[in-house]
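Here is a short briefing to read with the structure open beside you. It takes the pockets in turn and then turns to one residue.

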Amino acid sequence: MNDERKNVRIIEQTGNQDEAIKKENRKALKVYIPILIVSAIVGGIIGFFSATNGIQNFGEACSQTMSHLLYLLSPYGVIVTEAAAVLAGIYYYLTSKKELEHCAPKDAKAAAGEEMEKELNEEMDEETCDRVDLLLSKSMIVVGCGLIISFLFFGINFAFIERNVEERWMLFTISTAIFVLGSFGYLRLNQLQIDLTKRMNPKMKGSVYDFKFHEKWEESCDEAEKMTIYKAAYKAFRTANSLCSMIWVVLAVGSFLFHFGPLPVVLLSVIWLTMNVAYYRESMRLEHGKINE
C-alpha cells in the first residue's frame with residue numbers, strides 16, 4: 001500500500017514538472033518564434049539583393065576603400081595603441097603602488113627588508129586593499145585590451161608587408177619595433193601588477209614568466225576568489241558564444257559582398273567549436289570525473 005502511494009506521488013510530481021516545463025517553453029517560444037521569422041525575412045532580403053550586380057559592385061568598392069583605409073591607419077594604430085596602453089598601465093600601477101605605500105605605518109616605512117613587508121601586510125586595512133585592487137584591475141584591463149588591439153593593428157599592417165616595404169618601409173620598421181618593445185613592456189607591467197598583488201596578499205603564488213602561472217595562481221586563490229574567477233569565466237564564455245554567432249552572420253553575408261572567401265568563417269567556426277568543446281569536456285570532467293578517451 002505504501003509503495004502504491006509512493007508511486008502515485010512520483011507520478012503526480014513528474015506530471016507537474018512536465019507541465020511546468022511545457023509552460024516555460026511556450027512562454028519562451030512566444031518571443032523566440034517572431035525573432036526567428038524576422039531574422040529569416042531579413043536574411044532572405046539581404047541574400048536576394050546580394051546577388052545583384054549593383055550590390056556586388058557596391059560591396060567590391062567598399063572592400064577596396066576599407067582595405068586602403070586599413071593600410072593607411074594600421075601602422076599609426078600600432079604606435080598609438082602601444083603608447084596609450086603602456087602609459088595608462090604605468091599610471092594605474094604607480095598610483096596603486098603609491099596608495100599601498102602611503103597606507104603603511106611609519107615604523108614599517110622606517111623598517112627594511114622582510115620586516116617592512118611583514119608589518120605592511122599586518123597593518124593593511126580592507127578599504128585600502130580594495131582601492132589598490134581596483135587600481136590594479138584597471139591597469140590589467142588597459143594592458144590586456146591594449147595588447148589585443150595592438151596585435152589587431154599589427155596583423156593588419158603585416159598583411160600589407162609587400163606594399164609597406166615598397167612605399168613606406170621606414171614607418172613599417174618603426175611600427176614593428178614599437179610593437180615588439182611594447183609587447184615586452186606589457187609583459188613587464190603584468191609582472192609588476194602581479195608582484196604588487198602578492199605584496200597585499202602573500203598567499204598568492206606564481207610568476208608571469210612561468211608557463212604554468214595561471215594554474216599556480218588559481219591554486220593559491222581561496223574559495224571566494226575562485227568563485228569570482230569561475231563566474232567571470234562563464235560570463236565571458238556566454239558573451240563569446242553570442243558574439244561568435246553574430247560575427248558568423250556578418251562574415252557569411254560579407255562573403256557575398258566583399259568576396260573574401262570562406263576562410264574567415266572557417267577560422268571563426270574552429271575557434272567557436274574549440275571553445276565549446278573545451279567547456280563541455282571540462283564540465284563533464286568536473287561533474288563525473290575522468291572522461292574516457
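In this predicted model, the lining of the second largest pocket is made up of nine nonpolar, one polar and three charged residues. The space in that pocket comes to about 510 Å³.

**Second largest pocket**
- Helices α9 and α10 are the elements that each give two or more residues to the lining of the second largest pocket.
- The largest share, seven residues, is supplied by α9.
- Of the 13 lining residues, Ile229, Tyr230, Ala233, Tyr234 and Tyr279 lie nearest the centre of this pocket.

**Largest pocket**
- The largest pocket holds about 1,300 Å³ of space.
- Its lining counts 34 residues, and those nearest the centre are Met140, Asn190, Ile194, Phe213 and Trp217.
- Two or more lining residues come from each of α5 (126-159), α7 (169-200), α8 (213-220) and α9 (223-258).
- With 10 residues, α5 gives the largest share of this lining.
- Sorted by class, the lining of the largest pocket has 21 nonpolar, nine polar and four charged residues.

**Asparagine 276**
- Is asparagine 276 buried or exposed? Its relative accessibility is 14%, so asparagine 276 counts as buried, the cut-off being under 20%.
- The side chain of asparagine 276 reaches the backbone oxygen of tryptophan 272 at 2.9 Å.
- Setting aside neighbours within four places in sequence, asparagine 276 is in contact with Phe237 and Asn241.

Definitions and conventions:
Residues numbered from 1 in each chain as written. Predicted model: local features only at pLDDT ≥ 70, side-chain atom pairs only at ≥ 80, totals over all residues. Heavy atoms only, no water. Buried < 20%, exposed > 50% of the residue type's maximum accessible area, 1.4 Å probe, protein only. Polar contact = N/O pair within 3.5 Å; in protein donor to acceptor, adjacent residues only side chain to side chain. Contact = heavy atoms within 4.5 Å. 1 Å grid on protein atoms, 1.4 Å probe; cavity = no way out; pocket = protein on both sides within 12 Å on 5 of 7 lines; lining within 4 Å. Points joined across faces, edges and corners; volume = space filled by probe spheres on them. Helix = DSSP H or I, 4+ residues; strand = E, 2+ residues; numbered from the N terminus. Nonpolar A, V, L, I, M, F, W, Y, C, P; charged D, E, K, R; others polar.
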